[in-house]
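Hi,

Here is the structure I promised to pass on.

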Amino acid sequence: AVSLACRMLPIADGSDTGGSLRNPANFCNVVGFRNSPGRVPVWPNDIGWFPISVQGAMGRTVEDVALQLSAIAGPDDRHPISIAEPASIFAEPLERDFKGVKIAWSPSFGDLPVDDRVSSVIETQRSTFEALGCQVDERLPDFRDADEVFKVWRAWRFAIGYQQLIKTNRDQIKDTVIWNTEEGLKLTGLELSQAEVKRTSLYHRVREFMQEYEYLILPVNQVPPFDVNQPYIEEINGVAMETYIDWMKSCYYVTVTGLPAISVPCGFTPEGLSVGVQIVGRHQQDFGVLQLAYAFQQAT
């Protein structure tokens with residue numbers, strides 16, 4: 001019955017590495033959830049221990065996403081990092097009292113360049129979280145090394161996935177994929193191991209920070225939706241982007257922590273472009289993220 005309901009609802013699943021569930025949801029004014037690695041088992045999978053890319057859900061509402069997870073999440077020993085909790089937890093009521101819950105608030109994500117239209121829309125919703133009973137403090141954990149870690153592991157994954165394809169069909173593959181794959185082929189074992197050490201340190205810095213704060217509130221993207229004919233953003237607030245993915249740092253910094261994060265519709269720019277808010281929860285507290293997202297959705 002649940003599977004049939006999922007097929008009937010306008011929801012979809014996909015994968016999120018640097019934001020491929022959160023970004024399109026944000027730009028289309030719907031909900032996109034990057035759940036914890038292992039929450040939704042992936043099979044077949046040639047790199048089963050890899051936690052950077054996850055399968056998850058998008059939907060019109062938080063309830064749609066929870067319903068889909070109640071069908072596709074759950075343990076599976078074919079996926080070695082599979083989480084043991086049953087999918088049925090996502091069928092539980094989403095209502096919760098948030099009185100006194102502490103939230104770290106950063107509508108501009110620290111020193112990242114963020115388009116003023118995005119941060120302004122998010123800032124207007126601070127009062128919504130306060131009205132829910134949350135204690136909202138302007139704080140942000142130390143995301144040092146997140147950029148390096150993500151780019152190393154993304155390049156490594158591209159090298160595994162695309163090197164043979166580039167050898168045989170290079171003229172049919174776009175330049176950004178070729179570049180990212182070749183960056184992966186240049187990596188040394190030492191560079192990979194150093195990235196893993198830095199990723200572990202980052203995880204513990206954020207974990208310790210979130211012993212005090214149950215949630216982080218951040219922008220999903222650093223820019224509003226842009227022209228479909230523009231391949232990627234090249235500058236924000238006069239700051240040049242070094243690569244084709246730098247405008248997504250607000251998503252992929254969260255990716256490397258392994259924490260669950262959701263994009264929920266938040267408002268619109270003066271031009272009518274949708275802006276989402278990113279709600280990040282504690283380690284493997286996926287249902288808790290859905291609960292705050294649901295409360296925010298209902299309040300707005």
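Below is what turned up, going from the core to a helix pair and then to the aromatic rings.

Before anything else, keep in mind that this is a predicted model.

Let's start inside. The largest nonpolar core has 80 residues, and the members that touch the most others are Phe129, Ile262, Ile279, Leu290 and Leu292. Helix α10 (residues 286–299) supplies the largest share of this core, with eight residues. Setting aside neighbours within four places in sequence, its contacts include Phe129, Ile262 and Leu292, along with Tyr215, Leu216, Ile217 and Pro260. As a general point, nonpolar side chains tend to be buried together in soluble globular proteins.

Helix α10 also has a partner worth a look. Its axis and that of helix α3 (residues 62–72) come within 9 Å and cross at roughly 155°. Angles over 145 degrees count as roughly antiparallel, so that is how α3 and α10 run relative to each other. On the α3 side the contact is made by Val62, Glu63, Val65, Ala66 and Leu69, and these meet Leu290, Ala293, Tyr294, Gln297 and Gln298 in α10. Sorted by type, the residues of this contact are seven nonpolar, two polar and one charged. Several residues of α3 are buried, among them Val62, Val65, Ala66 and Leu69, but also Asp64 and Gln68. After α3 comes Gly74, which has a positive phi, near 120°.

Now the rings. How many aromatic pairs does a search of the whole structure find? The count is 19. In one of them, Phe27 and Trp247 have ring centres 6.2 Å apart and planes at 10°, so they are stacked. Phe27 sits in helix α2 (residues 22–27) and Trp247 in the loop between β8 (239–240) and α9 (249–255), so this pair ties together parts 220 residues apart in sequence. Phe27 is partly exposed, at 22% relative accessible area, while Trp247 is buried, at 8%.

A second pair is Phe109 with Tyr253: centres 5.8 Å apart, planes at 80°, and so edge-to-face. This one also links distant parts of the chain, with Phe109 in the loop between β4 (102–105) and α4 (116–123) and Tyr253 in helix α9, 144 residues apart. Phe109 is buried at 2% relative accessible area, and Tyr253 counts as buried too, at 11%. Both belong to a cluster that ring pairs build together with Phe143, Phe150 and Tyr252.

Enjoy exploring!

Notes: Residues numbered from 1 in each chain as written. Predicted model: local features only at pLDDT ≥ 70, side-chain atom pairs only at ≥ 80, totals over all residues. Heavy atoms only, no water. Core = buried A, V, L, I, M, F, W, Y, C linked by side-chain atoms within 4.5 Å. Buried < 20%, exposed > 50% of the residue type's maximum accessible area, 1.4 Å probe, protein only. Helix = DSSP H or I, 4+ residues; strand = E, 2+ residues; numbered from the N terminus. Contact = heavy atoms within 4.5 Å. Axes fitted to C-alpha atoms, helices over the stretch in contact; angles between N-to-C directions. Parallel < 35°, antiparallel > 145°, perpendicular 65-115°, else oblique. Nonpolar A, V, L, I, M, F, W, Y, C, P; charged D, E, K, R; others polar. Phe/Tyr/Trp six-rings, centres within 6.5 Å; stacked < 30°, edge-to-face > 60°.
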